[in-house]
Amino acid sequence: MDKSADISVKEESKITKSDINKVLLRAQLNQFSHNYERMQSLGFTYAMEPVLKKMYKDRPKKEKVNSLKRHLQFFNSHPTLIPFILGVTIAMEENTEEDEKDSVLAVRTALMGPLAGIGDSLLNFTWFPIAGSIGAAFALKGSILGPILMFLIINALYFPLKYYGIHLGYSKGKDLLNSGVGKSILDRVTNAANVIGVMVVSALVVNTVSVNLNLSIGSGKSQIVVQSMLDSIIPSLLPVGLTFFCYWFIKKYEGKHIVPLILGILVLGVLLTVLGILK
Amino acid sequence: MLLKAILIAVWAGFCYLDQMGPHLGFRKPLLAGLGVGIILGDVKQGLIIAATLELMWLGQNNVGAYQPPDVVSGAAVGVAIGILSGGGVAAGVAVAIPTSMLVQQVGMLVMTADISLVHKAVAVADEGEYGLIDKYHYMGGLTYFLSRAIPVFIAVYLGAPAIKAIMNFIPASVMQGLTVASKLLPAVGLAMLLSMMMKKDMWIFLLLGFVFAAYVKMPIIAVAMAAVAFAGIYDVITLKKTKEEDSNLGDEDANNDKSGGYDL
């Protein structure tokens, strides 16, 4: 990678901002050919094509073939953070000789795992549920504001992540990775994302899971409504209990048997309501 | 009715392409369901059913290669049948859950079948020309589009009259039970998220999130902001810890006999 400094890039094959925007546009379709074997690799290659085409314009056929096959190897990351990886990959492609192309793939592979993890915990587990719960709160009252707000909240974060992701990845990504700080930053962001995810999901349990007992003890003035008694001791005790049960179930069966779990809860919910225990 | 069913199916297909593409948000029940409400001319009812499904499936997410129950087709069919059968939220929930699970299976078939596309792309790459692989990528998009559009069309076109007939025989308490169950079900998705995130030290933040939401009654966005602050604090502490460990390591190298005092 250190040799990259003495390579002079020919003016006509220089990658411009508009080339990168073309890649970004194509990256919007990146999971169209998602599959179990190589996941998003075809999507990644599809996105890279405008840049590869320009870079390999006057190169021998064999190198063109290699450039395609190189990117068709396994790839999987978070769709919203893929533009950043694309940016770094373009910079790597531009600054490596043909015999150093292994390093392009090495960097791409090193980035995809951690960024998938960060994307999952910050975006899928945190940002989407936040947007969804705010949107649903309005929509439950029949307000069109709900879905509009949801759309705006999502894209207020997603658009800059994609747009600045690819441009920053191209201009700064390589330096960051070479400096050695990059790896530790990725670890720290992963940890921070995890903290945010856990706190938000914990709050979502309280806000969205709802278990209401329809029971009361005694009658008339001395009547005690069990649910309000529970709420005054520990609010959301039953939703938390139910979530812990699900958590235990998922851990015990290592994520299998989710369908029976969902159907079981569905049937139990209906049954307990019919019996007058839940409302 | 045929036209409306086709429109809903096409809409569901496009919403799923959002899942496989830009992630604008139409892959989620609330936005997918809104479109169905507009097509059927009952936006308000559509919003209410879609919002219930949104909350029910808040924790359902694609993680890596895992294909969760398909919330796009579930929401499209749930909202459509909820409106068309006159059964509202309860009918919507009742058909949305099985639909999402059936289409989940279809989704896994497509993920397997599309392996052939990438193989064809690799073969065609031998020509050394750019642009030849594109059609395989678009074909993948078509498979995902159809994998949602077709089941949704069948369910809406054939299912709506059937459900309407069945509705007359279902007691009100069962219908209410379905609404109650829809509020229990987010527990499954949220527990799945937690099972992936509960690592070392994370119980601290689980408890904090609970206290903020249940006792302090902070809205989600406020909890998220507080979470950013706590993530910052956690980062500072762990950073300090790793630095100390590094310097301890240095001491151990300097005088070996003093080491072993720390139980790591």
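Reader: Where do I begin with a predicted model?

Author: Begin with confidence. Chain A averages a pLDDT of 88. In chain A, 92% of the residues score at least 70.

Reader: Over which residues of chain A is the pLDDT below 50?

Author: That stretch is residues 1–9 of chain A. Beyond near neighbours in sequence, the stretch has twelve contacts in the model.

Reader: Next, the interface. How do I read its size?

Author: The general idea comes first. The size of an interface is often given as the accessible area lost when the parts come together. Now the case here. Chain B and chain A bury about 9200 Å² between them. Carbon and sulfur atoms give 75% of that area.

Reader: Which three residues of chain B supply more of the buried area than any other three?

Author: They are Y130(B), H137(B) and I220(B). Together they supply 10% of the area that chain B buries against chain A.

Reader: How many residues of each chain are in contact?

Author: On one side, 105 residues of chain B. On the other, 104 residues of chain A.

Reader: Which polar links cross the interface?

Author: Count them by kind. Between chain B and chain A there are 23 residue pairs in polar contact, both residues at pLDDT 80 or more. Salt bridges across this interface number three.

Reader: Which helix of chain B gives the most residues to the side that touches chain A?

Author: Helix α11 of chain B, residues 220–254. Its share is twelve residues. Sort that whole side of chain B by class, and 70 residues are nonpolar, 23 are polar and twelve are charged.

Reader: How do I read a salt bridge that crosses between chains?

Author: Find the two partners and the N to O distance. Then ask where each partner sits. D126(B) pairs with K69(A), with the closest N and O atoms 2.7 Å apart. D134(B) pairs with R26(A), and there the closest N and O atoms are 2.9 Å apart.

Reader: Why does the pair of D134(B) and R26(A) join two chains?

Author: D134(B) lies in helix α7 (residues 134–167) of chain B and R26(A) lies in helix α1 of chain A, so the pair joins two chains. Is D134(B) buried or exposed? Buried, because its relative accessibility is 11%, under the 20% cut-off.

Reader: How many salt bridges does the structure hold over all chains?

Author: Twelve. Take one inside chain A. The side chains of D19(A) and K22(A) meet at 4.0 Å, N to O. Both residues lie in helix α1 (residues 17–27) of chain A. They are three residues apart, about one turn of the helix.

Reader: What about the salt bridge of E93(A) and K101(A)?

Author: Their closest N and O atoms are 2.9 Å apart. E93(A) is buried, with 2% relative accessibility. K101(A) is buried as well, with 7%.

Reader: How do I read distance in sequence against distance in space?

Author: Take two residues and compare both separations. N124(A) and H78(A) are 46 residues apart in sequence, and their C-alpha atoms are 9.2 Å apart. N124(A) sits in helix α5 (residues 102–139) of chain A and is buried, at 4% relative accessibility. For V10(B) and A187(B), the separation is 177 residues in sequence and 31 Å in space, C-alpha to C-alpha. V10(B) sits in helix α1 (residues 2–20) of chain B and is partly exposed, at 33%.

Reader: Last, the backbone. Which residue of chain A has a positive phi although it is not a glycine?

Author: One is M39(A), with a phi of about 55°. M39(A) lies in the loop between α1 and α2 of chain A. M39(A) is buried, with 7% relative accessible area.

Reader: Where in chain B is H23(B) found?

Author: In the loop between α1 and α2 of chain B. H23(B) has a positive phi of about 60°, and H23(B) is not a glycine. H23(B) is buried, with 2% relative accessible area.

Note on methods: Residues are numbered from 1 along each chain as its sequence is written. Chains are lettered from A and ligands numbered from 1 in the order in which they are written. Side-chain values use heavy atoms; hydrogens and water are left out. Contact means heavy atoms within 4.5 Å. Buried area is the accessible area (1.4 Å probe) that two parts lose on being put together, summed over both. A polar contact is a pair of N or O atoms within 3.5 Å; within protein, one must be able to donate a hydrogen and the other to accept it, and residues adjacent in sequence count only if both atoms are side-chain atoms. Helices (H or I, at least four residues) and strands (E, at least two) are DSSP runs, numbered from the N terminus. Ala, Val, Leu, Ile, Met, Phe, Trp, Tyr, Cys and Pro count as nonpolar, Asp, Glu, Lys and Arg as charged, and the others, Gly among them, as polar. Buried means under 20% relative accessible area, exposed over 50%, partly exposed in between (1.4 Å probe, protein chains only). pLDDT is the predictor's confidence in each residue, from 0 to 100.
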